[in-house]
Amino acid sequence: MGRGESMPLPDSSVDAVLASSSWHWMDPVPTLHEVARILVPGGILGALWSGPDPEGPFLAQAQSLLAGQSGGGADSEVAALVMSDARRPASSLEVPPDVPFHQPEHETFTWDVALNADDLIGLLGTFSWIITMSDETRQRVIAEARRLLQEVLSVEGDVTVDVAFRAEAWRCRRFD
């Protein structure tokens with residue numbers, strides 16, 4: 001078993017290394033050096049982040065409605081946590097000049113998915129900034145998110161909302 005910073009593979013042994021919504025868990029510079037070590041010359045590193053589009057209509061509406069909930073108390077804490085970008089990982093692949101990679105190419109893909117309340121709560125539970133919360137805080141945030149979906153956004157049971165998703169895809173080649 002390995003980590004991005006230390007992979008149990010021989011030098012120049014793979015054509016591609018792919019990281020899907022995981023790059024933010026790694027220390028980027030040591031990981032870039034390790035990926036360069038195991039890639040063949042000209043090999044490809046791909047990093048992808050995908051999830052709800054923070055600029056999509058549903059999230060914009062939810063943020064607007066949650067902003068009205070920030071009058072104090074538990075609602076205020078949950079709204080601040082859900083709306084804050086402070087704990088969200090960056091979705092970019094930065095390549096400093098001291099690593100043996102060309103600068104990355106970037107593409108963005110978008111699509112819509114109809115989600116009900118259970119789907120939205122399940123999605124919320126996959127975000128690293130939720131996963132890394134204490135159990136007590138995570139349970140409180142999820143319970144409050146479910147309540148807000150029902151009471152503020154009228155999303156409960158089989159009611160679905162279209163949620164815009166976005167994938168940020170980055171690709172760079174190891175120097176030959």
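Author: Let's begin with the count: a search of the whole structure, which is a predicted model, finds 12 salt bridges. Side chains of opposite charge can pair when their charged atoms come close.

Arg3 has a relative accessible area of 55%, so it counts as exposed.

Now turn to Arg166 and Asp53, whose side chains meet in a salt bridge with an N to O distance of 3.3 Å. Is Asp53 buried or exposed? Its relative accessibility is 10%, so Asp53 counts as buried.

Arg140 is partly exposed, with 30% relative accessible area, whereas Glu136 reaches 60% and counts as exposed.

While you are at α6, have a look at a helix that packs with it. Helix α4 (residues 117–124) and helix α6 (residues 135–151) pack at an angle of about 150 degrees, and their axes are 10 Å apart. That angle is why α4 is described as roughly antiparallel to α6. The crossing of α4 past α6 is right-handed. Where the two helices meet, α4 brings Ala117, Asp118, Leu120, Ile121 and Leu124, and α6 brings Ile142, Ala145, Arg146 and Leu149.

Next comes a charged residue without such a partner. Arg174, in the segment after β4 (161–173), is buried yet has no salt bridge. Which side chain of opposite charge is nearest to Arg174? It is Asp176, and that side chain is 6.6 Å away. A salt bridge would need a nitrogen and an oxygen within 4 Å of each other. Arg174 does have other neighbours: setting aside residues within four places in sequence, Arg174 is in contact with Ala36, Leu39, Val40, Pro41, Gly42, Gly43, Pro100, Phe101 and His102.

One of those contacts, Leu39, deserves a stop of its own. Leu39 is in strand β2, and with 0% relative accessibility it counts as buried. Leu39 and Val14 are 25 residues apart in sequence, yet their C-alpha atoms are 5.0 Å apart in space. Beyond residues up to four places away in sequence, Leu39 touches Ser12, Val14, Asp15, Ala16, Val17, Ile44, Leu45, Phe101 and Arg174.

From that list, Ser12 has a backbone detail to notice. Most residues other than glycine have a negative phi. The phi of Ser12, however, is near 50 degrees, a positive value. Ser12 is found in the segment before β1 (14–20), and its relative accessible area of 37% makes it partly exposed. Ser154 also has a positive phi, near 60 degrees. Ser154 lies in the loop between α6 and β4 and, at 51% relative accessibility, counts as exposed.

A last stop is Pro104, in the loop between α3 (73–83) and β3 (105–115). With a relative accessible area of 19%, Pro104 is buried. Its contacts, leaving aside neighbours within four places in sequence, are Leu93, Val95, Trp170, Arg171 and Cys172. Pro104 and Ile44 are 60 residues apart in sequence, and 9.9 Å separates their C-alpha atoms.

Finally, step back to the whole protein. There are 6 helices and 4 strands, arranged along the sequence as β-α-β-α-α-β-α-α-α-β. Of the 176 residues, 34% are buried. Among contacts between residues at least 6 apart in sequence, 84% join residues at least 24 apart.

How values were computed:
Residues numbered from 1 in each chain as written. Predicted model: local features only at pLDDT ≥ 70, side-chain atom pairs only at ≥ 80, totals over all residues. Heavy atoms only, no water. Buried < 20%, exposed > 50% of the residue type's maximum accessible area, 1.4 Å probe, protein only. Lys, Arg positive; Asp, Glu negative; His and termini not counted. Contact = heavy atoms within 4.5 Å. Axes fitted to C-alpha atoms, helices over the stretch in contact; angles between N-to-C directions. Parallel < 35°, antiparallel > 145°, perpendicular 65-115°, else oblique. Left-handed = near helix turned anticlockwise from the far one by under 90°.
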